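Please look through the chain shown here alongside my comments on its domains and its helix packing. I have set them out as separate points.

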Amino acid sequence: MKSVLQIIYSFNEASPVCHAILERISKEINLKLKSLKTLSTTKWAYRSEAIEAVKNNYSALLLCFEEISNKTNLSRVRAKAKGLIFQMKTFDFIFSMHILSPVLIMIQKVNASLQSPNLDLLSTVSLVKSLREHLSKLRSYDNNFIVIYNVIVSVCQRNLISIPEVKKRKFTRKIDENSIH
């Protein structure tokens, strides 16, 4: 996921032609283009922004890369565009993007607050505790996952991406030592 996001950014930003095609397509489909962001190894906020930008621009990016792969005479550029389309049109990519997005947004908000020069220790502990509780809630409520999963399925269906069959989990029964007499 991380490398695909970086390649999308590099491919689009390194070429003024690609960037112009993306802007034209976004206007044609009435999409307010969100600036693509590079990934940073040190700044987590950039990861959130990078995922949000690709998520927001997803349909325009696909159309842009399809146009480039169909019209360019440069085999290297065509291959890279087709490779990006292939990566972006996988269930795993869509799933990762939509699952990571809310988590990274929460982390980004706390991260921004933690950088305040007026922050005291009590507020810091409170912010971190709040983040932990929110992440725990996001993880523990089945409804949260179902809502996100339904969005993922919708995106996959719109883009003709196959959805893997959900496997039923097998639960092991542990015998409680107290129940054996």
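Predicted model: local features only at pLDDT ≥ 70, side-chain atom pairs only at ≥ 80, totals over all residues.

1. Residues are numbered from 1 along each chain as its sequence is written, and side-chain values use heavy atoms, with hydrogens and water left out.

2. The mean pLDDT (the predictor's confidence in each residue, from 0 to 100) is 86 for the chain, with 92% of its residues at 70 or more. Helix H7 (residues 121–140) has the lowest confidence, with a mean of 84, while H4 has the highest, at 95; helices here are DSSP runs (H or I, at least four residues), numbered from the N terminus.

3. The domain assignment, whose bounds come from an automatic or database source, divides the chain into domain 1 (1–89) and domain 2 (90–164). Their centres, taken over C-alpha atoms, are separated by 22 Å, and the contact (heavy atoms within 4.5 Å) takes 19 residues from domain 1 and 16 residues from domain 2.

4. Helix H2 (residues 16–28) packs on helix H4 (residues 58–71) at an angle of about 130 degrees, their axes being 9 Å apart; axes are lines fitted to C-alpha atoms over the stretch in contact, and angles run from 0 to 180 degrees between N-to-C directions. That makes H2 oblique to H4, given that angles under 35 degrees count as roughly parallel, over 145 as roughly antiparallel, 65 to 115 as roughly perpendicular and the rest as oblique. Among the residues in this contact are Ile21 and Leu22 of H2 and Leu61 and Phe65 of H4. By class there are 10 nonpolar, 1 polar and 2 charged residues, where Ala, Val, Leu, Ile, Met, Phe, Trp, Tyr, Cys and Pro count as nonpolar, Asp, Glu, Lys and Arg as charged, and the others, Gly among them, as polar.

5. H4 also packs with helix H5 (residues 75–88), at an angle of about 145 degrees and with the axes 8 Å apart. The contact includes Leu61, Phe65 and Glu66 of H4 and Arg78, Lys82 and Ile85 of H5, and its residues divide into 10 nonpolar, 1 polar and 3 charged.

6. Helix H6 (residues 91–114) and H7 pack at an angle of about 175 degrees, with 10 Å between their axes, and are therefore roughly antiparallel to each other. Residues that meet here include Val103, Met106 and Val110 in H6 and Leu127, Leu131 and His134 in H7. This contact of H6 with H7 has 10 nonpolar, 3 polar and no charged residues.

Notes: Helix = DSSP H or I, 4+ residues; strand = E, 2+ residues; numbered from the N terminus.
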